[in-house]
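My entries follow in the order in which I looked things up.

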Amino acid sequence: MASESQRQTLGDYFTLQRGTTYKSRLLGEPGPVLLGLATIQRNGGFRTDSLKTYGGDSPDKLLVQPGELYLSLKDVTQSADLLGAVARLPSDHPPGRLTQDTVKLKPIGTDVPLDYLYWLLRTPQYRSYCRAHATGTTNLGLAREDFLAFPAPEPTQAQRRIVDTLSALDDKLELNRQMNHTLEAMARAIFKAWFVDFEPVKAKVAGAKSFRGMPQAVFDQLPDRFTDSELGPVPEGWSCVSIGDWVHVVGGATPSTKEDAYWRDGIHPFCTPKDMSRLESPVLLDTQRHITDHGLKKISSGQLPAGTVLLSSRAPIGYLAISETSVSVNQGIIAMQCESVSNLYILFWVEENMDTIKAHAGGSTFAEISKRNFRPLPAVRPTMDALFAFDSLVRPFYERVVSNLRESAVLAQVRDGLLPELLSGNVKV
């Protein structure tokens, strides 16, 4: 074992435990979560939106305990965003199981500075090292020897202070993420109770005098019976309409990427499904690419106003967001402008009816829901009082989510600006 003064590379701190394959038929069965590529964020960090449990064999050597580090030594894309990318299982998370695509970092000794090494593996210098040492063409790989050879001298006091600051920033980012998850779940539960399960109306039919969460004046105006519709029993006085008759449904296009006049120094956000795939919450603050005034003229739907609901219509179907900025969209997105209905109602309606939307998709190479097939889909249209009460109740949740996302964007910029300085330790924190 190398002494502390001799530790100079990752191999002086860790050995690697590679994962094994698993049986897909046992996915979702009780057991540890699988820690595959989908649980690692691009360029590092733990990802929570794709967790699946596994009921098969999970020996101790394949388990990652809370606080331990694991990473990917491969990537299936040429961007290499996941090649060598590290994740740390949160301290409050149950143990997870490695897959054939991930390896666990097993500390050599009890004095390994895990926090420092975790952030070292998040630095742009390390990420560049991984890309420079990538092997393969279609599927990229990083040799164990190359990974273990990455320079990792013992941290100085200045570097430890930078690590403390990075950890504090990450804690705040995680707190915001958890808060947003809770707020979104609360809004989703209210939508389902009111407009899917019709619980307030059922309560009134049963003789209740009020319903939790619903203003008394709105409850008093609810019908006390149901009527048949093409969607099944709905509250009397509520109607069924085609979604295309309720909201303005438009699509987009991509101006030629070979024409600099459409893209160079562009200032208008241009959204693609790729932008939406990166969202932790269904809120679009900005896009990766921007187009010029000339480029905007090449899109028939033009620039859509803030508040537009966006749905990826292919590759894949199902990404959702409300745009918090004016935006134009490409041909892989259906945009819904909500002038006479709450955009939050429409957001949750689309989410609730995603299986129906996908069932109406066509295409041979990949599934796609066209605007022609989307517009006729039936939707329950509650009374304006009920819609207004819903929006008034959940709008503060949404606004807090947006505020948290804006704050997190600033904190992430600070973190990403600090990361390159970790190796030098020159920044005074």
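I began with helix H4 (residues 157-196) and helix H14, whose axes come within 9 Å and cross at roughly 165 degrees; the axes are lines fitted to C-alpha atoms, for helices over the stretch in contact, with angles running from 0 to 180 degrees between N-to-C directions. H4 and H14 are therefore roughly antiparallel to each other, a label used for angles over 145 degrees. I noted the crossing of H4 and H14 as left-handed, that is, with the near helix turned anticlockwise from the far one by less than a right angle.

For the record, this is a predicted model, in which local features need pLDDT of at least 70 and side-chain atom pairs count only at pLDDT 80 or more, while totals for chains, interfaces and linings use all residues. Residues are numbered from 1 along each chain as its sequence is written, and side-chain values use heavy atoms, with hydrogens and water left out. Helices (H or I, at least four residues) and strands (E, at least two) are DSSP runs numbered from the N terminus.

Next I turned to the cores, meaning sets of buried Ala, Val, Leu, Ile, Met, Phe, Trp, Tyr and Cys residues joined through side-chain atoms within 4.5 Å; buried is under 20% relative accessible area, exposed over 50% and partly exposed in between (1.4 Å probe, protein chains only). The largest nonpolar core has 56 residues, and Met336, Tyr345, Ile346, Phe374 and Phe390 have the most contacts inside it. Helix H14 (residues 384-418) gives the largest share of this core, 10 residues. Apart from it lies another core, of 33 residues, including Phe14 and Leu419.

I then checked helix H11 (residues 343-352), which is mostly covered, with eight of its 10 residues buried; among them are Tyr345, Ile346 and Trp349. Leaving aside neighbours within four places in sequence, Phe374 is in contact (heavy atoms within 4.5 Å) with residues including Met336 and Trp349.

In strand E17 (residues 309-313) I looked up Ser313, which is buried at a relative accessible area of 2%. Beyond its neighbours within four places in sequence, the contacts of Ser313 include Gln331, Ile334 and Ile369.

The peptide bond from Ala315 to Pro316 is cis, with omega near -10 degrees, and Pro316 sits in the loop between E17 and strand E18 (317-323). Ala315 has a positive phi of about 50 degrees although it is not a glycine, and counts as exposed at 59% relative accessibility. Ala80 also has a positive phi, near 60 degrees, but counts as buried at 3% relative accessibility.

Notes: Parallel < 35°, antiparallel > 145°, perpendicular 65-115°, else oblique.
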